[in-house]
Structure formats: C-alpha cells, structure tokens
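Open the structure in a viewer and keep the selection panel at hand. The stops below say what to select and what is there.

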Amino acid sequence: MINNTALTRRRSDNPHEETWHIYSGDVRIGTIGVRAGVPVHADQWAWSMGFYPAMEPGRWGSGIAATFEAAREAFEIAWSETQPSVPESAFDEWRRDRDWRAAVAAKRARGEKLDSEIRSTLMRCVCGTTCDSWKPAESYPHRAHITAAQAANGTRR
C-alpha cells in the first residue's frame, strides 16, 4: 500500500528560528525553514526532504528558494517524484523508531534505567535452565552443557 496522504506542516517549537516540519500523515518527511547566516541578497529559504530510519540518504532531496511559497512548491514536487518509490514499510519503520525513542525518553523522565543498564548475573543454559552465574552451586553443573554446545557449534575459542 502506498502512502498517498496529503502533506501537512507544523511550526517548529523553537522560538529562535522559523522552521516548518512537513508531515505525510504522522511521519515527518522534511523541513522548510529560513536559512541562518546567509547574506540578505541570497535566497533565504531552504527545504530538505527525507526521513530516517528507512529512507536511504541518497534518496533525500534539498534545495533553496527566495520565498517560503517557492520552497514549499519545490518540496512538494520533489516529494511527489520520490513518494511512489517509498514502501509503506519505510513509514512503519519510522513509526517504530519514533515510538521506541518516546518510550526511552519517558523511562528517563521517570528516573528509570533502561533494561540494558540493569546489571544481571542471570544466564540461560543451553539446557533451558536459568541460573545465577554468581552462585557457583547453581552455575557449575551447567558448565558441561555450555562447553559441549560450544564444541558442537564451533564457538569455543
């Protein structure tokens, strides 16, 4: 299924810049904004189109324009040429990444550690038993299983 959603724009929440985020449905696909640090006689607006993850950097587009309307028009033309080749799975990947980042930020805001930051001494033996590697009485009987499995699949060094 190809995403034929109309484009919408939302103003960036940064009060120090005039930037618009461009969305196709709920996926942010690019920006249009005033360029910083350019001479007054140069084109003042820039646009960029593409989203990560899922869309390869070589397929991104960008440009400059004298006015917001010209930048918007150029963006829409570039997107209309690119969008048919972007699979729905790319939009889904972007959504999964967005949701994962939101979950990480929420966990951090609550003062919690990520699962990967919580130290654990538990290990799972190839026989299916979970034991504590810091408790020799629990883990020693499984060394033979682990050694045999490593020898069988060639992972033992």
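The tour goes from the sheet to the helices and then to the aromatic rings of this predicted model.

**Stop 1: the sheet.** Show the cartoon and select the five strands, which make an open sheet in the order E1-E2-E3-E4-E5 with antiparallel pairing. Strand E1 (7-11) and E5 are the edge strands, each pairing on one side only. On average, neighbouring strands of this sheet are turned by 20° against each other, direction ignored.

**Stop 2: E3 and E4.** Select strand E3 (residues 27-34) together with E4; the two run antiparallel and are joined by five bridges. Val34 is found opposite Trp45 in E4.

**Stop 3: Trp47 and Phe75.** How many aromatic pairs does a search of the whole structure find? There are five. For one of them, select Trp47 and Phe75: their centres are 6.0 Å apart and their planes at 80°, an edge-to-face pair. Trp47 belongs to strand E4 (residues 45-49) and Phe75 to helix H1 (residues 68-82), so the pair ties together parts 28 residues apart in sequence. Trp47 and Phe75 are both buried.

**Stop 4: Phe51 and Phe91.** Here the ring centres are 5.3 Å apart and the planes are at 35°, so the pair is tilted. Phe51 sits in the loop between E4 and strand E5 (61-65), while Phe91 is in helix H2 (residues 88-109), so this pair links parts that are 40 residues apart in sequence. Are the two residues buried or exposed? Phe51 is buried, at a relative accessible area of 2%, and Phe91 is buried as well, at 0%.

**Stop 5: the cluster and the charges.** Select Trp20, Trp45 and Phe68, which form one aromatic cluster. The charged end of Arg9 sits over the ring of Trp20, 5.5 Å from its centre. Last, select Arg10 and Tyr23: Arg10 lies over the face of Tyr23, 3.8 Å from the ring centre.

Definitions and conventions
Residues are numbered from 1 along each chain as its sequence is written. This is a predicted model: local features need pLDDT of at least 70, side-chain atom pairs count only at pLDDT 80 or more; totals for chains, interfaces and linings use all residues. Side-chain values use heavy atoms; hydrogens and water are left out. Rings of Phe, Tyr and Trp (its six-membered ring) pair if their centres lie within 6.5 Å; planes under 30 degrees apart count as stacked, over 60 as edge-to-face and the rest as tilted. Helices (H or I, at least four residues) and strands (E, at least two) are DSSP runs, numbered from the N terminus. Buried means under 20% relative accessible area, exposed over 50%, partly exposed in between (1.4 Å probe, protein chains only). A charge sits over a ring if NZ of Lys or CZ of Arg is within 6 Å of the ring centre and within 35 degrees of the ring normal. Two strands pair if DSSP finds at least two bridges between them. Axes are lines fitted to C-alpha atoms, for helices over the stretch in contact, and angles run from 0 to 180 degrees between N-to-C directions.
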